[in-house]
Amino acid sequence: MTETAVGSSAVESASQSKSQQAYAAVKARIIEGTYTPGYRLVLAKIAEDLGFSVVPVREAIRRLEAEGLVKFERNVGATVSGIDPTEYLYTMQTLSIVEGAATALSAPLIDPVSIARARAVNEEMRECLEHFDPVRFTALNQDFHSVLFEHCPNPHILDLVHRGWNRLASLRSSTFRFVPGRAQESVREHEALLQLIESAADADTIEKAARQHRAATLDAYLAQAKQ
């Protein structure tokens, strides 16, 4: 490889690294609620805050747009996407189906080590209830469910689950803040799911329990929204 080629490769690698850092930083601010739905993402300001040029920030924003967390509006530019109640309903209904299926397919492949990892995460969620932090609780909630569906042998179903979680990301940080009472019930239902998997319950039973768990969060959210 020539010296010029090596130099070009190094520059490209550095650019990708900064793009990844910018992506992680902006996504974190969206999920944490620092950048709320409708917030205008000024690329030059974000680049200045991160100490980067605009190029990696633009790449990061495009990636977030592909995930549905950012949208481009004419004469406005990039803004943080919001999810209206109807869209939230459809997304949660879909996720309850595909995540339920993924969890049921994963169940026979979940070993005792993974069960212990999921239970440890759920215990952290239980401790989080004492001084409730909805952002941390939501992050732990995703960690817990990832253990249950990550072994799904069907890559198409798994892709749909990841898409659903990404689509909800901009709102998920506020869901448990909106219905905090649901958090305690969620922890109990997590333990029930783990016990079903440990006891080698049949796939239909596990899928039904996983779907009902997701649906209960949706029902609590919609009930609160109507008040």
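Reply: We begin with a definition: two strands count as paired if DSSP finds at least two bridges between them. Please bear in mind that this model is predicted.

Me: In which sense do strands β1 and β2 pair, and over how many bridges?

Reply: In a regular strand, side chains alternate between the two faces of the sheet. Here β1 (residues 70–73) and β2 (residues 77–80) pair in the antiparallel sense, over 4 bridges. Val70, for instance, has Val80 in β2 as its bridge partner. The two strands form a hairpin with 3 residues between them, and in the turn Asn75 has a positive phi of about 65°.

Me: Which residues of helix α2 are buried, and why do they lie on the same side of α2?

Reply: An α-helix has 3.6 residues a turn, so residues three or four places apart point the same way. In α2 (residues 43–50), the buried residues are Leu43, Ile46 and Ala47. They lie on the same side of α2 because they cover an arc of only 100° around the axis. After α2 comes Gly51, with a positive phi near 75°.

Me: How many cavities of 30 Å³ or more does a search of the whole structure find, and which residues line the largest cavity?

Reply: Rolling a probe the size of a water molecule over the atoms shows where empty space is left. The search finds 1 such cavity, and the largest cavity has a volume of about 40 Å³. Its lining consists of Glu99, Thr103, His145, Leu148, Leu193, Ala210 and His213. Helices α4 (85–106), α6 (134–149) and α9 (203–225) each supply at least two residues of that lining, which divides into 3 nonpolar, 3 polar and 1 charged.

Conventions. Residues numbered from 1 in each chain as written. Predicted model: local features only at pLDDT ≥ 70, side-chain atom pairs only at ≥ 80, totals over all residues. Heavy atoms only, no water. 1 Å grid on protein atoms, 1.4 Å probe; cavity = no way out; pocket = protein on both sides within 12 Å on 5 of 7 lines; lining within 4 Å. Points joined across faces, edges and corners; volume = space filled by probe spheres on them. Nonpolar A, V, L, I, M, F, W, Y, C, P; charged D, E, K, R; others polar. Buried < 20%, exposed > 50% of the residue type's maximum accessible area, 1.4 Å probe, protein only. Arc of directions from axis to C-beta.
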